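Open the model in your viewer and keep the sequence panel beside it.

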Amino acid sequence: YEQARISMPSGDNRTLMMSSISASMRRLGLAAKNYLPQLTVSNSPGKRLAAVCILQMDFDPNYITWLANRLYEEPAFCGYQAASVLSTRMALVGTQEKTEIINAVKNAKQVMTDRNTPTDPGRDALIDSILASS
């Protein structure tokens, strides 16, 4: 993931490559679940993406805020993956967890605004979809 981000120009080909890499990570997600705590605090963007992919396969509500923070702490691709985890989760949970997700995403969106985070149509559409559920 990190090598693709560095060596390829931004665009469809890089996105396809990173999508393929994240799909491979998801296939290993359940086997790597025990490494989630270490991956979430790693300095490596690729390891943090691996954590997002694990949560796509086996969601843990303890990571809602961490996922929401990916929306502004990571490049758009990882932010999109994190938003997709939270968006998918919205359809599966009760009111309390939905409220927690919405609040975490609201806070993240405010930080994005404050930091003037570059827009990304896919990620931003997922964020708007989550917030429309409130």
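Helices (H or I, at least four residues) and strands (E, at least two) are DSSP runs, numbered from the N terminus. This is a predicted model: local features need pLDDT of at least 70, side-chain atom pairs count only at pLDDT 80 or more, and totals for chains, interfaces and linings use all residues. Residues are numbered from 1 along each chain as its sequence is written, and side-chain values use heavy atoms, with hydrogens and water left out.

**Stop 1: the α7–α8 loop**

Select Asn-116, in the loop between α7 and α8. Asn-116 is not a glycine, yet its phi is positive, about 55°. Is Asn-116 buried or exposed? Exposed, with a relative accessible area of 64%. (Buried means under 20% relative accessible area, exposed over 50%, partly exposed in between; 1.4 Å probe, protein chains only.)

Now pick Asp-120, in the loop between α7 and α8. Asp-120 is buried but has no salt bridge. That term requires a side-chain nitrogen of Lys or Arg within 4 Å of a carboxyl oxygen of Asp or Glu. The nearest side chain of opposite charge, Arg-123, is 5.0 Å away.

**Stop 2: the core**

Select Leu-67, Leu-86 and Val-105. They touch the most other members of the largest nonpolar core, which has 38 residues. Such a core is a set of buried Ala, Val, Leu, Ile, Met, Phe, Trp, Tyr and Cys residues joined through side-chain atoms within 4.5 Å. Elements giving two or more residues to this core include α2 (12–27), α6 (76–90) and α7 (95–115).

Stay on Val-105. Neighbours within four places in sequence aside, Val-105 is in contact (heavy atoms within 4.5 Å) with Ala-68, Leu-71, Leu-86, Ile-127, Ile-130 and Leu-131.

**Stop 3: helix α5**

Show α5. Seven of its 10 residues are buried, so α5 is largely enclosed by the rest of the structure. Colour the buried ones: Ile-64, Trp-66, Leu-67, Ala-68, Arg-70, Leu-71 and Tyr-72. They pack against α3, α4, α6, α7 and α8.

**Stop 4: the cysteines**

How many disulfides does the structure hold? Zero, with a disulfide taken as a pair of cysteine sulfur atoms within 2.5 Å. Select Cys-53: its closest cysteine sulfur, in Cys-78, is 7.7 Å away, too far for a bond. Cys-53 is buried at 0% relative accessible area. Cys-78 also counts as buried, at 0% relative accessibility.

Conventions. Lys, Arg positive; Asp, Glu negative; His and termini not counted.
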